[in-house]
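Good morning, and thank you for coming.

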Amino acid sequence: MYLFISNYLNYTIIIGSSIVKIPQIIQIIKSRSISGISTFGIYIATISCIIYSYYNWIFQIPYLLWIDNCFVGIQNIIILILCILLSEKDTKKINKHLYIVNTFYIVSLSILIILLYNNMISLTILKYLSLTPIIFIILSMIPQILKCFYEGNTGELSFISFLLLCGGAWSRFLTVLISNSKGNKILLLTTITSALLNTILLYQIIYYQYILGRTNIRYKLNGEYSTRRNNKKSE
């Protein structure tokens with residue numbers, strides 16, 4: 001019974017992960033804006049997906065427990081490219097700092113992929129790197145959470161994408177919890193960290209876009225109504 005539930009959740013997560021960030025990509029393209037999105041966070045998340053997936057592949061962890069990271073990583077790369085293109089386009093004057101940072105993102109990711117593809121990183125180093133996804137998850141999501149908090153809005157962050165991410169993260173936590181993989185300790189810590197931080201971001205989106213957003217609209221409408229009423233009285 002547990003095996004059936006685990007396999008069902010695994011396949012559901014894999015299917016969901018292949019489209020989980022499509023709504024976010026569509027929203028960025030439609031609005032032609034990256035407002036509220038942390039480019040640094042996307043960059044770190046992409047590195048995390050690459051290292052995490054490579055580690056599990058090399059050490060032959062069952063693919064059902066990590067292949068979803070590959071799909072999320074590919075979508076993160078697309079979002080990162082959009083962030084780089086739109087950040088440069090939105091800048092009215094040449095920003096050398098922005099140019100250097102964007103170049104660093106592209107070059108460093110390319111070097112990492114080349115090193116891993118050519119097996120130029122030893123297994124000993126790779127074992128240490130296996131712990132970095134946990135750190136990278138924290139580094140990628142904390143800046144995004146803080147950005148939303150300090151700006152008081154979530155900008156172009158997609159509710160659908162983060163709803164799917166949150167559901168997928170908690171489902172992945174359950175599948176790892178009941179699996180017998182040797183990599184369970186690392187996987188368990190990684191998935192619970194991801195699930196908790198995604199839950200915080202989902203709450204921020206709900207609060208800023210729907211709860212606070214509707215309250216502001218209500219106040220605005222009430223203000224307009226009062227203004228019109230006062231104008232009619234003065235007439």
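Predicted model: local features only at pLDDT ≥ 70, side-chain atom pairs only at ≥ 80, totals over all residues.

Let me begin with the annotation. An unreviewed UniProt entry places the feature "transmembrane region" at residues 34-55, 61-86, 98-117, 129-150, 157-180 and 186-210. Two of these spans may be compared with the model. Residues 34-55 are 77% helix and 0% strand, and the C-alpha atoms at the ends of that span lie 31 Å apart. For residues 186-210, the chain is 100% helix and 0% strand, with 36 Å between the end C-alpha atoms.

I turn next to the charged contacts. In general, side chains of opposite charge can pair when their charged atoms come close. The count in this model is two salt bridges.

One of them joins Arg 172 to Asp 68, with the closest N and O atoms 2.8 Å apart. Arg 172 belongs to helix H8 (residues 159-177) and Asp 68 to helix H4 (residues 67-90), so this pair ties together parts that are 104 residues apart in sequence.

Glu 151 is partly exposed, at 41% relative accessibility, and Lys 147 is partly exposed at 26%.

Helix H7, which covers residues 132-151, also contains Ile 138. That residue contributes to a nonpolar surface patch of about 510 Å², together with Ile 142, Leu 146, Phe 149 and Tyr 150. Ile 138 itself counts as partly exposed because its relative accessibility is 38%.

Now to the cysteines. How many disulfides does the structure hold? The number is zero. Cys 49 illustrates the point: the closest cysteine sulfur, in Cys 70, is 8.3 Å from its own sulfur, which is too far for a bond, given that a disulfide requires the two sulfur atoms to be within 2.5 Å. Cys 49 is buried, with a relative accessible area of 7%. Cys 166 is likewise buried, at 8%.

Finally, the aromatic residues. The structure holds ten aromatic pairs. Among them is the tilted pair of Tyr 54 and Trp 57, with 5.9 Å centre to centre and 55 degrees between the planes. These two residues are three apart in helix H3 (residues 39-58), so they are separated by about one helical turn. Tyr 54 counts as buried, at 11% relative accessibility, whereas Trp 57 counts as exposed, at 53%.

Tyr 203 and Tyr 207 form a stacked pair, at 6.2 Å centre to centre and 15 degrees between the planes. They lie four residues apart in helix H9 (residues 184-234), which again means a separation of about one helical turn. Tyr 203 is exposed, at 53% relative accessibility, and Tyr 207 is partly exposed, at 31%.

Thank you for your attention.

Terms used: Residues numbered from 1 in each chain as written. Heavy atoms only, no water. Patch = residues over 30% accessible without salt bridge, like charges linked within 9 Å, V, L, I, M, F, W, Y side chains within 5 Å. Areas by Shrake-Rupley, 256 points an atom, 1.4 Å probe, with all protein chains shown as cover. Salt bridge = Lys/Arg side-chain N within 4 Å of Asp/Glu carboxyl O. Buried < 20%, exposed > 50% of the residue type's maximum accessible area, 1.4 Å probe, protein only. UniProt positions renumbered as here; feature names shortened; annotations may be inferred. Phe/Tyr/Trp six-rings, centres within 6.5 Å; stacked < 30°, edge-to-face > 60°.
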